[in-house]
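Thank you all for making the time this morning.

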Amino acid sequence: MIDYIVVGFGLAGLAFVEELKKNNKSFVVYENYSQKSSRVAGGLYNPVILKRFTAAWLASEQLELALPFYKNIQDKLGESLVSELPVLRRFNNVEEQNLWFEACDKPILQIFLSSELIRNENEALDIPFLYGGVKGTGKVDIEKMLSLYVLDLEKKELLKKESFEHNELVVETDCIEYKGLRAKNIVFTEGFGVRSNPFFNYLPLQGNKGEYIIIKSKGLRLKEAVKSSIFIIPLGDDLYKVGATYNNEDKTPDITSASREQLEMKLRRFLKVAYEVIDQVAGIRPTIRDRRPLIGTHPEYNNMHIINGLGSRGVLIGPYVANKLYDFIENNGSLEKEIDIKRFEHLR
Ligand SMILES: Cc1cc2nc3c(=O)[nH]c(=O)nc-3n(C[C@H](O)[C@H](O)[C@H](O)COP(=O)(O)OP(=O)(O)OC[C@H]3O[C@@H](n4cnc5c(N)ncnc54)[C@H](O)[C@@H]3O)c2cc1C
């Protein structure tokens, strides 16, 4: 009998697997590549909500945990995965600049917002007002990290590249049985795929589709991530991720020409040099209306658990909630009400 079955290997699955490894627990992971949220993500970690100039939920606590977490994976996998990346918020008018200064005075934001505004020196960009700079930001190459991690799991025969079929699961009081495999616990980290999970599909996961275009532009020469109505994120080799879109209606996994047009239209408003679109990607963010993750144990089965609802900030939230769930299951830890799936029990 193994300790855990983990279903899904995006940011949530990876974060929980890291907890298991740290605690010498045995496990097997199932992954069917049906969801792409983590693989297409921008990979930014940014403690500030740049629309409203407010701190993201538990930003300091999560950042403190997440940075060593990803650097440790980077060291173990022996490839560069994490890099500091300044984030510049383009102001649209003087009022926004003033709001930024007000935000800089708030104790919770002081450590993250620079009060020295930055003038745009890049002639490829039309930036009539100044930039506000965010501190403590960076980027994780999630796609590379997951791919390398998968290779390692495969080598150790800990990964099954197949769909987990929920109807084959037998839940007993002291164990879980799945196609001959027995485990003490099962953790579902399926992202938007949880909508097909009969045990947890009562949870109100909305889903929000996001698309990026990837452009090549020799003239842009941008070293920072610039946030205007969209993000431009430098990838190196004159490549940039531009986006993302936010769509609550379309839940299909495919890229769309409408999103490409929308992104290019926004980009052309402030990019003054030539570029070429070389790729486009799409994924569905696992979002919840109350903007808090979904963590906890099934109301009926005490060996069945979930991590979901990482929304649009999986890089920072993932390690934090994986640690919370592990502690909850193994050490009788507590779960804050605002993240516990118990808050949705009335929907069953
Ligand atoms: C366009 C876009 C940009 C983003 N940018 C950022 C960003 O810059 N920074 C940030 O912090 N966050 C970002 N996010 C959000 C972040 O990507 C999500 O919070 C995160 O990916 C959620 O991770 P997850 O593991 O819960 O879900 P997923 O990544 O969807 O992983 C779930 C996994 O489970 C697998 N699965 C599902 N069902 C089954 C089954 N039955 N059997 C086997 N496997 C199964 C899926 O194939 C998938 O690999 C972005 C998201 C999008 C879409």
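Let me begin with what I will call an aromatic pair: the rings of Phe, Tyr and Trp, with Trp represented by its six-membered ring, are paired if their centres lie within 6.5 Å, and the pair is called stacked if the planes are under 30 degrees apart, edge-to-face if they are over 60, and tilted otherwise. By this rule the count comes to 15 aromatic pairs, and please bear in mind throughout that what you are looking at is a predicted model.

One of these pairs is made by Tyr-4 and Phe-16, whose ring centres are 5.4 Å apart and whose planes make an angle of 65 degrees, which is an edge-to-face arrangement. Tyr-4 sits in strand 1, residues 2-7, and Phe-16 in helix 1, so that this pair links distant parts of the chain, 12 residues apart. Are these two residues buried or exposed? Tyr-4 counts as buried because its relative accessibility is 0%, and Phe-16 counts as buried because its relative accessibility is also 0%.

A second pair to look at is that of Phe-164 and Tyr-178, where the centres are 4.0 Å apart and the planes are at 20 degrees, so this pair is stacked. Phe-164 belongs to the loop between strand 10 (159-160) and strand 11 (169-171), while Tyr-178 belongs to strand 12 (residues 176-178), and the pair therefore ties together parts that are 14 residues apart in sequence. Both Phe-164 and Tyr-178 are buried. They also take part in a cluster that ring pairs build from Tyr-30, Phe-164, Tyr-178, Phe-188, Phe-199, Phe-200 and Tyr-301.

Which atoms of the protein lie at polar distances from the ligand? A polar side-chain atom of Ser-37 is 3.0 Å from a ligand oxygen atom, a polar backbone atom of Gly-42 is 3.1 Å from a ligand nitrogen atom, and a polar backbone atom of Ser-312 is likewise 3.1 Å from a nitrogen atom of the ligand. Taken alone, the ligand exposes 1000 Å², and the protein buries 96% of that.

Lys-36 is partly exposed, with a relative accessible area of 37%, and its C-alpha atom is separated by 24 Å from that of Val-48, 12 residues apart along the chain.

Within the protein itself, a polar contact of 2.8 Å joins the side chains of Asn-185 and His-305. Asn-185 lies in strand 13, residues 181-188, and it counts as buried because its relative accessibility is 9%.

Let me finish with the backbone. Most residues other than glycine have a negative phi, and most peptide bonds are trans. Glu-157 is in the loop between helix 6 (142-155) and strand 10, and it is exposed, with a relative accessible area of 69%. Asp-237 is in the loop between strand 16 (231-236) and strand 17, and at 66% relative accessibility it too counts as exposed. As for peptide bonds, the one that joins Gly-243 and Ala-244 is cis, with omega about 0 degrees, and Ala-244 lies in the loop between strand 17 (239-243) and helix 7 (257-268).

Key
Residues numbered from 1 in each chain as written. Predicted model: local features only at pLDDT ≥ 70, side-chain atom pairs only at ≥ 80, totals over all residues. Heavy atoms only, no water. Polar contact = N/O pair within 3.5 Å; in protein donor to acceptor, adjacent residues only side chain to side chain. Areas by Shrake-Rupley, 256 points an atom, 1.4 Å probe, with all protein chains shown as cover. Helix = DSSP H or I, 4+ residues; strand = E, 2+ residues; numbered from the N terminus. Buried < 20%, exposed > 50% of the residue type's maximum accessible area, 1.4 Å probe, protein only.
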